[in-house]
There are 2 protein chains.
Amino acid sequence: MSVGHGVQALGLICFAVLLCSSEASAQEQPRLNLMPLPASVQTGSGGLRINSSFSVALTGHSEARLDRAVQRFLRQLARETGLPLSAKTSSKATLAIHTDHASKEIQELGEDESYALEVSPDGAKIEAATPLGSMHGLQTFLQLMEVSPDGFAAPAVKIQDKPRFPWRGLMIDVSRHFIPLEILRRNLDGMEAVKMNVFHWHLSENQGFRVESKKFPKLHTMGSDGLYYTQDEIRDFIAYARDCGIRVVPEFDMPGHSTAWFAGHPELASGPGPYEIERKWGVFNPAMDPTNEKTYKFLDEFVREMTKLFPDHYFHIGGDEVNGKQWDANAKIQEFKKSHGLKDNEALQAYFSQRLQKIVTKHGKAVVGWDEVFIPGVPKDIVIQSWRGQAALSQAASQGFHGILSNGYYLDLGWPAARHYAVDPMSGAAANLTPEQQQLILGGESCMWTEYVNSENIDSRIWPRNAAIAERLWSPQNVTDVASMYTRLHAIGTGLEWLGLTHRTYYPQMLRRIAGPSASPEELAALRTLADVVEPVKDYTREATAPAEPTSATPLNRLVDAVPLESETARRFGELVDKFVVGFCHEADGEARLRAQLTAWRDNDAKLQPLAQRSFLVREVAASSQDLSALGAVGLAALDLIHKAGAAADDWKTQQLAATEQIKQPKTQLLLVPAPAVQKLVEAVSPGRSCSASRP
Amino acid sequence: MSVGHGVQALGLICFAVLLCSSEASAQEQPRLNLMPLPASVQTGSGGLRINSSFSVALTGHSEARLDRAVQRFLRQLARETGLPLSAKTSSKATLAIHTDHASKEIQELGEDESYALEVSPDGAKIEAATPLGSMHGLQTFLQLMEVSPDGFAAPAVKIQDKPRFPWRGLMIDVSRHFIPLEILRRNLDGMEAVKMNVFHWHLSENQGFRVESKKFPKLHTMGSDGLYYTQDEIRDFIAYARDCGIRVVPEFDMPGHSTAWFAGHPELASGPGPYEIERKWGVFNPAMDPTNEKTYKFLDEFVREMTKLFPDHYFHIGGDEVNGKQWDANAKIQEFKKSHGLKDNEALQAYFSQRLQKIVTKHGKAVVGWDEVFIPGVPKDIVIQSWRGQAALSQAASQGFHGILSNGYYLDLGWPAARHYAVDPMSGAAANLTPEQQQLILGGESCMWTEYVNSENIDSRIWPRNAAIAERLWSPQNVTDVASMYTRLHAIGTGLEWLGLTHRTYYPQMLRRIAGPSASPEELAALRTLADVVEPVKDYTREATAPAEPTSATPLNRLVDAVPLESETARRFGELVDKFVVGFCHEADGEARLRAQLTAWRDNDAKLQPLAQRSFLVREVAASSQDLSALGAVGLAALDLIHKAGAAADDWKTQQLAATEQIKQPKTQLLLVPAPAVQKLVEAVSPGRSCSASRP
């Protein structure tokens with residue numbers, strides 16, 4: 001379908017959301033671990049028992065994909081419960097699914113994904129217009145499953161649900177580090193679980209060209225170190241994605257980010273060759289020659305082949321970060337700019353984009369590109385993917401361009417889930433758009449760039465934080481309660497684990513590697529205590545802080561590669577401190593918990609020291625370990641002083657704050673996350689205020 | 001090769017072991033995490049750095065299997081280090097492997113598995129007579145890898161190694177619960193890591209016939225619920241096992257344990273049909289009719305087909321636990337016994353065994369059978385697998401029969417590793433055999449029976465305890481230090497995890513299922529604290545203590561199915577108590593640790609209670625949780641009294657011992673393992689002896 005239809009559908013969706021949901025309704029259901037939260041939920045009383053005789057029936061429109069979805073659903077339900085469930089269907093099924101009609105042969109933007117799910121003590125039913133809705137309903141049912149006092153059960157509930165945005169994507173960069181299909185496939189399973197519907201496959205980069213091309217085999221044979229997907233594998237993968245209700249949008253990044261193409265085809269580049277696959281990270285000079293007709297002839301053939309391989313209506317051409325240096329250095333290209341009245345490299349890239357866009361259109365597809373493709377003269381039916389933000393997005397929308405938001409959803413930057421969660425495609429400048437312009441904003445995509453991500457830790461870099469982004473793109477705009485989000489994020493993490501995602505299991509394994517096979521259980525526990533409260537440095541600081549210039553061959557086996565990007569322990573400690581500081585004289589239990597935690601930190605370095613003597617990977621983080629002990633001691637001193645009226649001199653506070661300020665500085669690329677919370681405890685020490693004085 | 005050759009090889013092996021090794025040599029190397037311990041180890045100084053440029057060279061005899069072994073080795077080394085290793089070979093390789101000559105086309109009992117491994121700071125080399133030895137050497141090198149202060153390294157070392165026994169097996173019952181090939185394959189990887197060389201595949205049972213038969217397809221179509229291995233899958237699996245240096249011995253259990261055969265072929269049975277696959281556990285009446293010539297005609301065809309499918313020289317015919325009831329109830333069979341002078345059912349089974357043995361011999365194979373096949377009149381070239389023990393084994397050996405030991409190696413009985421480790425095929429009655437008779441004892445096999453084991457928990461039921469049995473069968477007889485064994489078992493557990501075995505990762509997942517998705521981290525931690533100190537009831541008591549009669553459809557999702565069979569926490573607590581009780585006045589740190597552990601236990605039930613209210617799977621174990629709290633309180637009281645001279649009245653001790661005696665009783669099939677250690681603390685309270693009195 002065309003984008004026009006998508007916009008229309010989106011209008012309906014927003015209307016439905018306003019009609020059916022409110023923040024209050026979300027907060028009335030604290031025990032439902034649904035993520036994304038549905039547009040409307042009404043709870044009833046009692047629940048439906050789930051036991052070994054559980055069965056599913058399909059009525060209405062039938063297709064093999066629905067049968068497979070039921071198989072997948074039953075397998076997951078069996079894993080989550082340990083019940084031996086088999087694929088029974090009967091007229092008196094526990095769960096009855098009615099699907100009205102087929103969805104499109106090739107999944108389109110803006111198809112009807114709505115569903116209704118009703119659970120009562122007597123049974124459950126899902127009703128949906130299309131298989132997409134039925135499949136979403138199955139995922140919601142899985143999330144309802146709870147271990148009750150009497151057995152496994154789903155609570156009585158009536159759900160009406162629709163997505164807020166029609167484009168809810170996850171991008172994975174498989175070029176900087178190659179990611180095998182098996183891992184991508186379980187990430188599709190994860191996307192299905194949280195109702196994301198676009199897998200954006202970043203397939204070419206300076207560091208690797210990952211698709212078999214039968215037309216230009218030198219692209220993958222010389223551009224991939226042998227690490228690429230065959231066309232048969234890609235077809236299988238796309239079929240599996242379709243089974244999960246997910247579109248696959250391929251990206252071939254042009255005219256920059258394309259060194260790997262030039263390894264086999266130097267004639268495409270703007271500078272003299274030869275070229276090799278890039279091993280470092282960053283923005284590099286090589287770029288396609290936009291002035292050479294042979295470039296377009298090549299791309300025409302290439303796009304012809306790839307648009308046959310990838311059935312989705314959208315075709316992503318990249319377009320980001322061309323630094324223009326090869327263009328500037330090439331006299332012929334300078335001449336071309338003059339002769340064609342292209343005043344700068346932006347104009348030259350616009351020329352390239354227009355030519356490429358015509359090729360893509362000729363082969364029946366619509367173009368997606370990063371912000372940079374949105375330059376004067378670009379045709380209107382392009383979709384802008386914004387890594388720059390809502391301002392850029394709304395600027396494009398105000399000029400009639402469709403857009404999706406990725407700024408704020410970069411999973412590799414190490415942000416806490418709450419920060420991603422607070423980013424709304426319709427906030428900031430976008431909030432000031434007219435309703436018609438707002439409808440041009442189709443949704444968003446989280447992005448997993450893989451400079452510091454490989455097969456081993458990728459799941460942990462995506463999940464569970466990605467579920468918070470999925471909720472932002474699916475649920476009503478007023479679903480914003482952060483505490484509720486974290487509670488549900490924890491629960492959904494377990495469901496994702498049963499799907500085979502390794503976002504939890506990878507962690508103790510990597511810590512054991514760091515500790516070495518001869519580490520004792522106590523030493524491992526001490527390493528875990530430290531690891532649980534550090535996070536990798538944030539945003540784009542990792543390369544600058546690296547001990548040596550990182551390359552694609554740099555092992556990702558250090559603590560910075562092992563720890564989760566968001567410390568749950570530190571987050572919970574921070575919450576405890578916040579509560580304590582407000583009501584510290586009445587929070588005996590809270591204080592006891594703080595004290596236990598701070599004591600464990602204070603005493604941890606002594607336990608970790610023997611291991612730091614033996615393992616280079618532990619020794620590297622010895623400073624962070626000492627900092628953690630110091631932090632524990634400061635926190636304990638603050639707690640003690642809080643109980644002694646008048647005991648805290650201002651210079652003590654100043655000293656401690658300065659010391660903890662030092663501790664806040666990153667060391668070996670790690671941040672000691674609880675430092676600010678301990679500073680709050682220090683701040684809470686007040687000469688005129690003590691617990692002993694004010695205690696009843 | 002023939003068994004005669006095997007015996008000759010064994011003689012050489014024993015000689016070599018006596019020459020090269022002593023317990024002392026094992027104990028001089030406390031930091032080497034080798035398992036099984038090699039026959040001889042000499043350590044040097046320094047070590048070999050392992051980094052991304054690590055390479056391997058193969059010289060001498062070459063074959064594709066060696067190349068694949070190197071690939072597998074490099075993959076595992078890459079996983080264990082996180083280094084990006086590729087398959088580089090060069091003339092200046094880091095690790096040079098020289099293989100003298102080929103091993104047999106079909107792996108035979110008693111082939112030369114010896115190797116020498118030398119590591120120096122300049123490089124490493126493996127020398128072996130055959131690929132089997134080279135592959136063992138690679139595994140030893142992997143176990144040498146350590147995380148040193150300077151990076152990954154292997155210590156300088158000279159190893160000469162040979163197995164003590166030529167038959168070192170693991171049996172897996174895939175009939176009671178079907179186990180998919182993917183899981184069996186990773187268990188082959190685990191066997192290779194600990195140098196086991198026989199996979200005994202228990203393929204048919206009352207509860208399932210698991211092999212595709214093209215000759216008699218009703219066997220698998222009617223006897224397996226669709227859960228069987230195709231012949232192509234089996235050939236692939238056997239090829240993979242050969243790659244790992246492992247023989248595959250198939251077992252088709254006859255004439256009892258065969259109800260699943262009769263589902264499709266009731267004419268083979270001794271009683272009237274029809275038959276269905278058995279769903280319960282135990283010994284059942286159905287048995288093949290040994291008096292019917294058609295039985296032998298069928299078996300001749302069947303054995304012909306299966307001996308073509310399974311290339312190993314040995315063919316296991318089962319033979320265990322025929323209760324004779326169907327035979328007694330069949331007048332025709334009674335008549336046959338009389339007319340053939342078979343005085344009892346033992347004699348009748350001997351008749352059957354002889355007939356079957358002739359069939360197996362005719363098809364070029366040698367028979368293996370359980371103890372029961374060793375009855376008067378059985379031919380000499382049978383191999384007895386003893387589930388009854390060394391007495392039965394030595395009785396067989398004294399009469400000239402070959403044997404392997406499985407009594408003492410039943411992994412499903414829930415014994416601690418130390419108890420398996422103490423079982424030696426050559427101990428007990430076998431120690432009194434003549435040297436010639438001792439040579440008839442070929443080794444042993446651990447056995448994984450699967451009444452209460454499925455795909456989810458099987459790895460944890462086998463590993464790492466199976467590595468202790470592997471060491472018993474490989475290492476010199478005088479390698480018996482239990483503390484060293486446990487230290488190395490812990491380390492090898494990590495290596496096994498990198499191979500993909502799930503013996504650690506399954507556990508938190510199963511606990512999260514028991515807790516339910518809405519459990520808080522604190523509640524999960526409390527569940528873990530309880531789970532870490534309970535073990536399933538031992539030996540054959542599980543069925544008798546079950547809440548309802550268990551069947552093959554009973555979910556294995558309770559705490560008893562989730563917890564490891566040996567509690568590491570309880571074992572270490574027990575060690576701490578033992579040390580403390582001996583020297584309690586001088587063990588301040590030991591006491592602090594005991595106190596911390598006991599306090600955590602005492603306070604745990606309160607933390608777990610909210611979850612017990614919500615989850616039926618937690619509520620089920622509420623009594624054990626209360627017992628753990630009580631146990632903690634008793635232990636703390638004992639510690640307090642130990643410091644008060646004269647404070648402990650005898651009736652206090654009597655009361656506490658009685659209370660803990662109650663706590664030792666199994667509840668919901670769980671044993672609270674630290675109870676005896678807490679009793680030791682109570683016993684240590686003495687009116688005339690206190691720490692305060694005797695402290696310096």
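## Helix H20 against helix H24 in chain A

Two residues are said to be in contact here when heavy atoms of theirs lie within 4.5 Å. With that in mind, let us look at this predicted model, starting with a pair of helices in chain A. Glu523(A), Ala526(A), Leu527(A), Thr529(A) and Leu530(A) of H20(A) touch a set of residues in H24(A), namely Asn604(A), Lys607(A), Leu608(A), Pro610(A), Leu611(A) and Arg614(A).

How do the two helices cross? The axes of H20 (residues 521-531) and H24 (residues 604-614) of chain A come within 8 Å, at a crossing angle of roughly 110°. Angles of 65 to 115 degrees count as roughly perpendicular, so H20(A) and H24(A) are roughly perpendicular to each other.

## Helix H3 against helix H7 in chain B

Helix H3 (residues 64-81) and helix H7 (residues 231-243) of chain B have axes that come within 10 Å and cross at roughly 80°. H3(B) and H7(B) are therefore roughly perpendicular to each other.

On the H3(B) side the contact is made by Arg65(B), Arg68(B) and Arg72(B), and on the H7(B) side by Tyr240(B), Arg242(B) and Asp243(B). By class, that gives one nonpolar, no polar and five charged residues.

## Where the two chains meet

The size of an interface is often given as the accessible area lost when the parts come together. For chain A and chain B, the buried area is about 3,700 Å², with 55% of it on carbon and sulfur atoms. In this interface, 50 residues of chain A are in contact with 50 residues of chain B.

How many salt bridges cross the interface of chain A and chain B? The rule finds seven. Glu522(A) and Arg593(B) meet in a salt bridge through their side chains, at 3.3 Å from N to O. There are also 20 residue pairs in polar contact across the interface. The side of chain A that touches chain B has 20 nonpolar, 15 polar and 15 charged residues.

## Backbone details to check

Most residues other than glycine have a negative phi, and most peptide bonds are trans. Met35(A) and Pro36(A) are joined by a cis peptide bond, with omega about 0°. Pro36(A) sits in the loop between helix H2 (23-27) and strand E1 (40-49) of chain A. In chain B, the peptide bond from Met254(B) to Pro255(B) is cis, with omega near -5°. The loop between strand E12 (247-254) and helix H8 (259-264) of chain B holds Pro255(B).

Lys195(A), a residue other than glycine, has a positive phi near 65°. Lys195(A) is in the loop between helix H5 (181-193) and strand E9 (198-205) of chain A.

Key. Residues are numbered from 1 along each chain as its sequence is written. Chains are lettered from A and ligands numbered from 1 in the order in which they are written. This is a predicted model: local features need pLDDT of at least 70, side-chain atom pairs count only at pLDDT 80 or more; totals for chains, interfaces and linings use all residues. Side-chain values use heavy atoms; hydrogens and water are left out. Axes are lines fitted to C-alpha atoms, for helices over the stretch in contact, and angles run from 0 to 180 degrees between N-to-C directions. Helices (H or I, at least four residues) and strands (E, at least two) are DSSP runs, numbered from the N terminus. Angles under 35 degrees count as roughly parallel, over 145 as roughly antiparallel, 65 to 115 as roughly perpendicular and the rest as oblique. Ala, Val, Leu, Ile, Met, Phe, Trp, Tyr, Cys and Pro count as nonpolar, Asp, Glu, Lys and Arg as charged, and the others, Gly among them, as polar. Buried area is the accessible area (1.4 Å probe) that two parts lose on being put together, summed over both. A salt bridge is a side-chain nitrogen of Lys or Arg within 4 Å of a carboxyl oxygen of Asp or Glu. A polar contact is a pair of N or O atoms within 3.5 Å; within protein, one must be able to donate a hydrogen and the other to accept it, and residues adjacent in sequence count only if both atoms are side-chain atoms.
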